[in-house]
Amino acid sequence: MTLSEDTPVALEPGGRPAPNKNPRVRPSRGRLITYVLLVVAVAVTLLPFFWMLLGSVKTDGEILRNPSGFMPEDPTLANYATWFTDLNISMFFVNSLIVAVFTVLGNLVFCSMIGYALAKMDFIGKRVLFLLVMLTLMVPGVVTFVPLFVLVTKMGLLNTYPALILPFLTSPLGVFLMRQFMMGIPDSLIEAARIDGAGEFRIFARVVMPLCGPPLATLGILTFLGSWNNFLWPLVAAQSEEMYTLPVMLALYSTGESATKYGLLLAGSVLVITPIVLLFVLLQRYFIQSVATAGVK
Amino acid sequence: MAATTVPAGAVIGAGGKRVDPGVSRRRRQTMIAWLFALPFVLVFGVFMLFPLVSSFLMSFTDFTNRDVSTPLAVGFVGIDQYVDLFGNPQFIKSMVNTGYFVIVGIPLTMIVALTLAVALNSGIEKFRTVFRVGFYTPVVTSIVAVAVVWKFILQQDGLLNTVLSWVGISGPDWLNSTTWAMPALILMAVWRNMGTLMIIFLAGLQTIPEDVKEAAAIDGANAWQRFIRITLPLMRPTLLLGAVLLSVGYLQFFEEPYVMTKGGPLDATLSISYFTFNQFGFGKYGYASAASYVLFVVIALLSLVQFRALRSKD
């Protein structure tokens with residue numbers, strides 16, 4: 001990584017190991033060690049990605065001969081070409097995208113709606129409803145997928161987009177996030193709109209939702225991430241190749257007869273990871289905020 | 001909330017004939033509120049609650065893939081399948097493996113994440129974002145895709161063993177060894193999940209008031225003492241929260257062995273989720289449901305215990 005060259009710039013010029021009275025001002029030697037360790041740690045963390053990227057432009061023969069090598073002897077884009085021509089990766093990409101987009105939209109709209117009711121309305125059954133949602137917050141997917149498979153089969157939806165989308169169209173976490181945020185919106189704002197004669201739907205759409213940018217961003221990011229990387233359910237619900245999402249496609253290729261096409265598999269991994277990593281780097285501040293808010297509440 | 005908007009006179013002195021406006025207002029609100037909740041309730045009811053209850057009921061029946069067309073005609077077998085599970089060496093093995101993964105994986109991930117969080121919080125300013133992004137990147141990537149890569153890295157003559165050979169260690173054939181396959185999966189899980197906890201711990205560290213640490217420093221406590229005596233106790237709720245989040249995820253691990261080891265060698269990396277998935281694959285839906293409910297109960301109990309612990313210290 002190029003970081004190591006720049007690192008010393010961060011140190012205070014000529015910082016001598018002064019007596020450490022104030023913990024904020026540390027001797028620069030300690031800070032230098034911290035930097036060196038962090039740079040090494042980041043390099044080690046990202047090493048698998050570099051290796052993957054370099055491996056994706058190698059031939060199977062080269063990877064087999066020198067499995068731990070880095071620099072490709074004879075770089076080739078043949079692996080990528082195979083994905084885009086013979087293996088039609090754009091189809092899997094579109095599948096993943098369709099599923100993710102509808103899942104995100106459903107979560108944003110439906111979780112906001114019920115979140116508003118739970119946060120700002122007084123109604124019969126409210127406590128029971130909220131309790132029920134919270135109790136399912138940590139239900140593992142492995143508990144529901146068998147009956148879900150039977151249900152989807154009975155509905156005739158197996159191997160369709162709705163089968164991939166519907167079970168994830170809402171989430172308890174989304175309800176929780178939206179409700180928590182909306183509770184913080186002052187009642188006076190909503191009462192004022194009510195006195196002005198606005199109906200609840202109008203208040204929701206015109207007064208409440210425009211204020212909900214931060215939790216919507218959090219929910220959108222978490223849902224997109226979850227959907228893009230989701231594996232167990234698409235693995236059982238997508239039965240034929242034209243319905244596979246990217247992870248399902250990659251898993252089946254890597255464990256099937258293509259298991260020895262090393263370069264191809266590495267190129268496939270690059271293609272699966274790249275869109276989400278790009279999105280992450282562009283929106284990193286929001287990603288990290290999402291984790292912090294969803295984790296710490 | 002509703003009462004404040006109702007004119008006071010309207011309620012009292014109405015002679016009891018008219019419906020109390022407060023009550024009718026609440027009825028109206030109830031209707032509107034449920035309309036707001038309706039889309040969620042429908043999806044949640046059909047695709048979450050119904051399968052959750054069905055799974056529980058199925059675990060007491062001999063439901064197989066041949067019963068899909070007539071789900072109500074299955075035979076009731078009581079707790080037979082649960083009894084069978086706990087006598088099934090393969091299921092026991094999967095529970096032991098899952099326990100191994102969780103008990104070793106969680107402390108390791110937490111230690112790594114806390115170390116990174118403390119380092120990033122130690123007053124460095126430059127490149128903080130770069131470091132944070134770097135450590136967090138594995139989290140956003142698909143487990144399947146990184147598992148494909150790690151499968152190569154963990155080969156006998158792969159990258160990891162090459163690095164180990166530099167320091168004179170000759171590494172094992174990780175994924176083909178009954179001893180080393182699980183540590184290899186744990187290593188990968190730590191790598192992939194440390195970023196999440198790092199962010200949560202970083203947020204926790206930033207809530208610790210600086211003056212407490214300064215006071216301790218003035219009293220002569222060194223950095224290590226300040227960390228053990230002040231930072232760690234104040235971080236307790238955050239640490240527990242991290243443990244809860246992580247254990248719920250780790251208890252369900254499935255993708256890693258699915259792509260990297262197929263549960264092998266000799267079931268050495270077969271997890272409860274994977275066992276359930278296999279039973280489903282064999283068409284034994286009832287048996288799979290029973291296995292998944294065992295996992296569910298473990299997760300529920302663990303969360304309960306951890307949240308109790310979390311609350312008792314508040």
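I began with the contact between the chains, which takes 80 residues from chain A and 88 residues from chain B. I counted two residues as in contact if their C-beta atoms, placed from the backbone, lie within 7 Å. The model is predicted: local features need pLDDT of at least 70, side-chain atom pairs count only at pLDDT 80 or more, and totals for chains, interfaces and linings use all residues. Residues are numbered from 1 along each chain as its sequence is written, and chains are lettered from A in the order in which they are written.

Next I looked up which elements supply the chain A side. Those giving at least two residues each include α2, α5 (89–120), α12 (213–229) and α15 (262–282) of chain A. α2(A) gives the most, with 12 residues. Helices here are DSSP runs (H or I, at least four residues), numbered from the N terminus.

I then sorted the chain A side by class and got 58 nonpolar, 14 polar and eight charged residues. Nonpolar means Ala, Val, Leu, Ile, Met, Phe, Trp, Tyr, Cys and Pro; charged means Asp, Glu, Lys and Arg; the others, Gly among them, are polar.

I turned to the domains, whose bounds come from an automatic or database domain assignment. Chain A has domain 1 (3–81) and domain 2 (84–296), with C-alpha centres 34 Å apart. I found 12 residues of domain 1 of chain A in contact with 10 residues of domain 2 of chain A. On the domain 1 side, α2 (28–55), α3 (60–65) and α4 (78–84) of chain A give two or more residues.

For chain B I noted domain 1 (3–58) and domain 2 (83–312); their C-alpha centres lie 43 Å apart.
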